[in-house]
Amino acid sequence: MSIFQLRPNYSSLARCAPITEKPGTDRAMRVAIQRARQGKKAVPFAQQQAFDAAVAKLVRAIPVDAQVAEWFANESLIPLVRRRWKKILLNPVVIAIALAVVVISGVFAYRVHERLHDFPGADKARHLLSIAASTRSVLLDPLKTDAGALSDLFFMKHRLEHYDIPPEFADFKTLGSRVFDDDEVHHVAQIWAVEKRMQFFLFPAEANPKDGSVTDFSDWRFVELEGWTGAVQQNNGVCFMAVIRGREKDLAPYLEKGKQ
Amino acid sequence: MTGDAAKAREAFQDTVREAASRSAADEPPPDRLWYFRDARRRCLGVCEEGLQAEPGMLEESEISAAAPGQIALLNPDQLAVWISAAPDPQRSALALFYLDEFSLPEMLALLDVKAGELSDLISSGRHQFQAWLDAVTPHYQE
């Protein structure tokens, strides 16, 4: 019976129920027998079983040709039955377990891979990606200037030291900016750029919990969240993150420009 | 299957011979079902020479509570002849089912039929056999 047949015809199965109990009887047949033994069909089913048992007894009494019996006694005609791996592998329970293991392993491997490439402050960066996804430009104070010019504004107005825009993005025209306190990230500066509706974030770097030290990195490191990608660089204990709605390859041309 | 011991022996001899030649050629029969499949094919070939039964020609009766008593009065050869007179694949289905050696999937594989078809074949054979029993053996009242 196909494993994809969800509702076997139990009454049909009961009509060819095995005459004697067999260890390999499948679940559908066991259910069919169980159902046939209950209710209105119990009497006809009992008569059917008695009928079949009587016929099988008579069949066993049919004399077997002596020569044939001798062949069976002396020759190893039947090859050894090997373990049926194919049948075991096609068992729906085994398939379900295998699928579950594959999915769990996949999620686990993805998480491990993600964490291997993580950097201190990656969790903060992802949190800010979710803010980027939900921010509308009207929330920011309108400000049309070069992004690089905002470093002085952050220092003069908000006393945020080293909130500098990297040279790769310093020339980008801005639409607006704001500074806010976030429960997780604390002092965050957010800038909305004209170019591809990019957003820039500046926020305090994550300190090492053991010794409180902060290790800067000048290369670009990436975080992703629900279709948003951020490229992060850390200088003087402050992280800069350029955010775009898209993938890493969409940010790459801007980062390459900085290298040149 | 044949209703004739000599014909059955001849068919089975040929099957064993075929198995031996396969083994000699380093291609032994893959499993025990091969023997039954091959023997069935040969039995059907032997029986093609004689008169052929047609499906749906026999009367059917409800299974009786007295059936086991009626069956006990039969000679085994009578049963063998009755089954061998059935049209195929009903004949093969009844023979394999009442040998009580095979699981349902094995029978389906041997006969190359679906479960519903096998169930119909066995069920109608049962009722036809009951009708025949009623005709040839006295009725018991328990």
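**Questions at the contact of two chains**

Guide: Start where the chains touch: 32 residues of chain A are in contact with 33 residues of chain B. In contact means that the C-beta atoms, placed from the backbone, lie within 7 Å. This is a predicted model: local features need pLDDT of at least 70, side-chain atom pairs count only at pLDDT 80 or more, and totals for chains, interfaces and linings use all residues. Residues are numbered from 1 along each chain as its sequence is written, while chains are lettered from A and ligands numbered from 1 in the order in which they are written.

Visitor: Which element gives the most to the side of chain A that touches chain B?

Guide: Helix H3(A) does, with ten residues. Helices H1 (10–14), H3 (42–60) and H4 (66–74) of chain A each give two or more residues to that side. Helices are DSSP runs of H or I, at least four residues; strands are runs of E, at least two; both are numbered from the N terminus.

Visitor: How do the residues on that side of chain A divide by class?

Guide: There are 21 nonpolar, eight polar and three charged residues. Ala, Val, Leu, Ile, Met, Phe, Trp, Tyr, Cys and Pro count as nonpolar; Asp, Glu, Lys and Arg as charged; the others, Gly among them, as polar.

Visitor: Why are H2(B) and H6(B) called oblique?

Guide: Look at the angle. Helix H2 (residues 32–47) of chain B and helix H6 (residues 104–111) of chain B pack at about 40°, with axes 10 Å apart. Under 35 degrees is roughly parallel, over 145 roughly antiparallel, 65 to 115 roughly perpendicular, and the rest oblique. So H2(B) and H6(B) are oblique to each other.

Visitor: Which residues make that contact?

Guide: H2(B) brings Leu33(B), Phe36(B), Arg37(B) and Arg40(B), and H6(B) brings Glu106(B), Ala109(B) and Leu110(B). By class, four are nonpolar, none polar and three charged.

Visitor: What makes Val238(A) buried?

Guide: Count its surroundings. Val238(A) has 21 other C-beta atoms within 10 Å. Buried takes 20 or more, exposed 12 or fewer, and partly exposed lies in between. So Val238(A) is buried. Of the 260 residues of chain A, 23% count as buried.

Visitor: Where does Val238(A) lie, and what is it in contact with?

Guide: Val238(A) lies in strand S7 (residues 238–245) of chain A. Leaving aside neighbours within four places in sequence, its contacts are His162(A), Tyr163(A), Leu202(A), Pro204(A) and Ala205(A). Val238(A) and Ala205(A) are 33 residues apart in sequence, yet 5.0 Å apart in space, C-alpha to C-alpha.

Technical notes:
Axes fitted to C-alpha atoms, helices over the stretch in contact; angles between N-to-C directions. Contact = placed C-beta atoms within 7 Å.
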